[in-house]
Amino acid sequence: MGITGSLSRLLLVCLLLWPAMATAQVDDSEAQQLLTALAESSFAEKKDVVNRIAGSGDERARIWLEAFAANKLARIESTGQFVIVLSNRGRDWDVESATTGESLGEVSRRDIDTIRVNNSLRSELESILSVIDLKSPNEDSRLTAARALRGNVDDGLADQLPDLIEAETASDVRLALTEALAIYQVEEQGDRSAVAVLSGSLNSDARAALQNAARSDDPALAAAANKALESIEQKLKFNRAAETLYFGLSLGSVLVLAAIGLAITFGVMGVINMAHGELIMLGAYTTWGMQQLLPGQPGLALILSIPAGFLVAALAGIAIERTVIQHLKGRPLETLLATFGVSLILQQLVRTVISPLNRTVITPDWMSGSVMINEALSLTLNRMYVIGFALVVFAGLMLIMRKTRLGLEVRAVTQNRAMARSMGIKATKVDILTFGLGSGVAGLAGVALSQITNVGPNLGQNYIIDSFMVVVFGGVGNLWGTLLAGLSLGTINQLLEPWAGAVLAKILVLVFIILFIQKRPKGLFPQKGRAAEG
Amino acid sequence: MSIFEQLTDRDHVFEFLAPVQSPVDVRHGPILYLEDVSVSFDGFKAINNLNLTIDDGELRCIIGPNGAGKTTMMDIITGKTRPDTGSVWFGSRHNLLTMNEPDIATLGIGRKFQKPTVFEALTVFENLELAMAADKRIFPTLTAIMKAEYRDRIDEVLELIGLKDLRDRPAGILSHGQKQWLEIGMLLMQKPRLLLVDEPVAGMTEQEMERTAELLTSLAGKQSVVVVEHDMGFVRSIARQVTVLHQGSVLAEGTMDQVSNDPEVIKVYLGEDA
Amino acid sequence: MWLTRPLQERSTQVFLGVLFAALVVVSALHLFMPEDSALYVSSYTVTLLGKYLCYALLAVAVDLVWGYLGILSLGHGAFFALGGYAMGMYLMRQIGDRGVYGHPTLPDFMVFLNWQELPWYWHGFDMAWFAFIMVLLAPGLLALVFGFLAFRSRVTGVYLSIITQALTFALMLAFFRNEMGFGGNNGLTDFKDILGFDLRTDATRLGLFIATGIALAIGYVICRGIVTSKLGRVSVACRDAEARTRFLGYRVERVQLFVFVVSAMLAGVAGALYVPQVGIINPSEFSPLFSIEIVVWVALGGRATLYGAVIGAILVNYAKTVFTGIMPDAWLFALGGLFVLVTVFLPKGIAGLLQKRKKAETTEPTPAQEATA
Amino acid sequence: MSIKKHVKLGLSALALSVSLNSVAAEDPIKVGILHSLSGTMAISESTLKDTMLMLIEKQNAEGGILGRQLEPVVVDPASNWPLFAEKARELLAKEKVDVIFGNWTSVSRKSVLPVVEELNGLLFYPVQYEGEESSENVFYTGAAPNQQAIPAVDYLMNEIGVERWVLAGTDYVYPRTTNKILETYLKDAGVSADDIMINYTPFGHSNWQSIVSDIKKFGSAGKKTAVVSTINGDANVPFYRELANQGIDAADIPVVAFSVGEQELSGIDTGPLVGHLAAWNYFMSVDSDANYDFIDAWVEHTGKEDAVTNDPMEAHYIGFNMYVEAVKKAGTTDVEAVKDAIIGVAVPNLTGGYATMMPNHHITKPVLIGEIQDNGQFSVVWETPSTVAGDAWSDFLPGSKDLISDWRKPMTCGNFNVVTGSCGGKAEVASN
């Protein structure tokens, strides 16, 4: 258990007297001396210093400790003055005094000694702060604090918990606290009755406690723990299945996004666009560019880059169509080669113009982390957004193809170009629009991918083959096919991965597709009638 | 029938006792025999309970409005399309439904497409060479050498189809009519028992037509010929037996006069033409 | 006889003449010129040329299927690499106990990943004849199985191209796996000698260079023999009007299969000669990029003319050597531009330009037919 | 990097190649630089090329070596392994360079090795690698497993109290070997087999969902768990993203990476990664004047205020200075002489200590453990009390535990087998 007894006793003091002490403030010499101790002692000793600081009840303690935890607490070599680092990028850092809080402007890195912190200290600090938070009026912070306590309770705290639970109003906080206490009781005291409390819990610390208990030499306790674990395992099984399914869907939705644009350019227009991957890449870079333009507002930038990414990619696509593809009408294989050349050029362009290095695309807060369905099953948010996004995009395309004039004309042109022409449809215009649409969708895929994987020059390459597989597997010229193919391939892959391993799973999927194409050359949903011939 | 039945059936002729025969068995008359053939594409019945019999050495014309299923019928006979129901027999022992295009072709059914398809990259001569009846498996083809007799035979046909002086030009440069002829020539090289000729005179001049007519009539007797044609004049000029297809099944059958006086037929055609 | 027929052709005679002349000249300059003379050909250059010749043979193999059969294989790198691995395994076994661990049978990478004994598929590769048969057999079999499945179900055109790409991609992933026992990403390297000749001597290098030249000559004659035979004309027929060919009684899928397998074996040989000269074989040879690059060599040189493929391969790779020396960043621009320009403005490649002067050769596909291919 | 620059370089290189095969005594010392400037590895390697150019510039400004100027010869192996061998041959046979600095990936080194040995050149290899190699002609200035992996594990075991281990790596030889070594090491340290989870993924793996969730499960067994990551390059971003999203933070399950440096971090949103670890022999954040000077010079050379330095750059810095010293010591650039002279040469490293060239052609390095900070830098939380000497042959692999390497006369053997008492690699010895 992380927290030493001495610490917790100190904590109890400040816990119970917290409101009273909130205004207290030690004089600067003492503060200076505390911080010096923090700066100069070894990691082992730092723990006690931290406790002393926490115990000092100084209102700045929290600021110091947080800065310390974030690696922002430092001492200026020349003056020996303690500072809090505000920005730590580049060679000169922006700092303010730790004691007075006044800004000291920029100081050269050479002159700053950050006070080192490490993981164990950091987690220690967390629990300290969380214990403090148990008293906070804000329910959420109480909840997080309570949850953080599980597995971190020690004797001193344990004595206090019952009262806290008693006092607690919010049910879920109370539950968390009760579990925290139970875990302690099982672990430290081998208390069998407490096992019952945990038997339903899906929390990993609770499970850990039970597993340890199951190993204990007290047979009765072990038996009880095992029983509890079994019931937990039952719940877990279901959750894991759900999880795998979710993984499959999210991977699938990525594939769908990557492939759907291709389904239009390849499936509907019959154009093999090997530069499709690079159009995706452009979309991703647009997101990065947007975030550069709007520093500090990654979320807004992301939303804006949805239309932006679409436009950029669409324009690029149209440019490709005008300059290259239109000259190769009816020569799919040549188109394949030419567009492959385009893809090489685009990649190298990004390398030389922007950088060969990956670019950082920030995930906005509302997209990071995960929604907790229950303690064992939590769905990652960014993936969830991607799934939703994929479906929206798909629905949008369906609408365009089914309900709009463009869609009608597109279908007309693909069915019979000459006839469509004679009915006054401008085939060239349709080509441009269709290809623009397909490329634009690729751009959208890029925006989504920027939240999941690298934004770098090779981004496109990693998806092009998969995309083609999905389209071919789903049946060329059939959007539903693409959707189904993408989702099913994703799921298959995720089902295989646990026992086959990532590499083998991918290989197996590829081989499966190759064989499938042999059986059904036209994919899951083949185009019917004369249009499909030749 | 089961072995036992075979043994007890005194009329049964065991394979190994049967007399050696030409691959196509026409002792019982018809060389081509379609029975209750139906096929449909996404619900649309292209062929509907079609029954058709072609006798050995017969020259048969098949007419019918667009979409009557003429081409589909040929696809079925040549193995390109498989019918949903019905049976197709070549002679009395070859079930065509169990064979693929090459087998059927080697068995002796030649086909000329509606839209003339020749190998444009190859010379006229080479086109005929490829068509020539020969062992068409891989290694024989690889090691094949041009014997004098083959050359003579090809030149014969070149003479016949009047492309002698274009002998060594790529077929791509030929006119539409010439391509038609070349394709007919390729049919001849195949020495088929049965020729399926789809709109042979489309895009031909008057005298080209006449020559085609002569050619086809001259072929009849030695080989059986089935001609699908729109051009009534042409049909009248060659036809003895005419079959009228309508909506995938036989509407009328008989001599040209019988057929053209058939009220049904008139209705259909007037419905078409008027 | 189909193999001797090409030898009467003028184009083939010219080609062989040029090739052998080049071999002789290079060897002579390498052997008899003093090191410091401007005409001296260093062993570095000899190996470089040897590599180009390997690529040339590979390109010829691709042209055979693409140019004459209309099958655009984006996976020929796979056959090349398989041949290379077969040779690589032989060379590994030749090291014997001279590896850093001095293990009598196991290659080094197996020793330090503590494999206990040699995997079954490594047996026999210590015998040259076996290895050399595998050089043909490994790619041949893959092509046979893959082609059989694909052609039987009439997968052609773009679909075929895409799944050939998938094929080589899958193989790349597979060979990256260390469990496969082919050295994973590091591949096979640090070869000592071949057929008893020390790979580090200039003589051996020259020998390999000449061997490659001869292999190219033979390969060229074989391909030429096929395309000038009736079978060659049949394949062109399959390329331009598959259905028609069927109705003439040819089994299109078998023609395709045969030519495809021959081509794969040639690619394998090219790979086998490539490995001892560059001194390493690793999964990156399976990368789809490489396979597509091969196709562009052919496209640049001019399809359905074999010699065009040779020209293309040598030109592009020479350009690559120069570019990566002078302006590395520009290389991909150049390559990419090449793809676009050739396909858009030079559909018949360099050979096409040459033929503008002579009368047009007849086996050139026209764009219209390409659509059906 | 601008095309212009390369044109300039290229032209100079071209100019050189024109003046073929004629090297007199007073000609400049030719330094071959063999780093990919295009293709997938360009990301990492092109900066090393620039580092070398910077060092050479500086050395020339100080009057070169033995009064001779240094002249960089830059070639681009384009991330293509066979091309590495070819370019190495070009450098040695055609350009007649005196020394080569180059390579990043193991496979490229393996492909160059026979060439360098055949033509008896000198190669300085700056990247941490799997060991199991010691060539007379190669100097390994990067870390061997015992200079990175093992100390890192020690730190986790002793300082953090980790009992359960996930060894996750990209499926190629470096992670394979490192994990083999660690596995044995951990088992020797009494870790039971079911407390070790080993997982391999392909290059550029981007879908980490199930693996991360497995790690999560593996980590929730009540014992302190850590991930030892030998995941390579591009695969890291999605990996760390997934970790963050599935709510695994450094406090619960720390990840210690061997292939993630400042440069890789510059492509990642480090916010969620704070506290995860990396083990290197140098960090940009190291608080020493030598380092600050180096950074200033680098920023000035690249003209980018945010340019980062990393471990392989330091390796080149050390390797280059060692070469300079060795040539001065030998008084000539003759390969044999330099080979003898360089052993024992000690030069300052950037972390305030000294690096010495060992007889096995590896060098002594301090091992630092750093925690990722939100500014894309590492803060050093632990370091080995003294420097560690690189070990060519791991003591934890059955195949190599009996092997040692010593290139001093009279032994001059890269793989001397202390059991059989013979030089294992030599043909006449059949050891079995």
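These legends accompany close-up views of a predicted model.

Residues are numbered from 1 along each chain as its sequence is written, while chains are lettered from A and ligands numbered from 1 in the order in which they are written. In this predicted model, local features need pLDDT of at least 70, side-chain atom pairs count only at pLDDT 80 or more, and totals for chains, interfaces and linings use all residues.

**View 1. Confidence along chain A.** Mean pLDDT (the predictor's confidence in each residue, from 0 to 100) is 83 for chain A. At least 70 is reached by 93% of the residues. Helices are DSSP runs of H or I, at least four residues, numbered from the N terminus.

**View 2. Two stretches of chain A with pLDDT below 50.** Residues 15–23 of chain A make nine contacts beyond near neighbours in sequence. For residues 529–534 of chain A, that count is seven. A contact needs C-beta atoms, placed from the backbone, within 7 Å.

**View 3. Chain A against chain C.** Here 36 residues of chain A meet 41 residues of chain C. H14 (332–353), H19 (461–474) and H21 (502–519) of chain A each give at least two residues to this side. H14(A) supplies the largest share, 14 residues.

**View 4. Chain D against chain C.** The contact joins 49 residues of chain D to 42 residues of chain C. Contributors of at least two residues each include H1 (3–18) and H6 (173–188) of chain D. The largest share on the chain D side, eight residues, belongs to H3(D).
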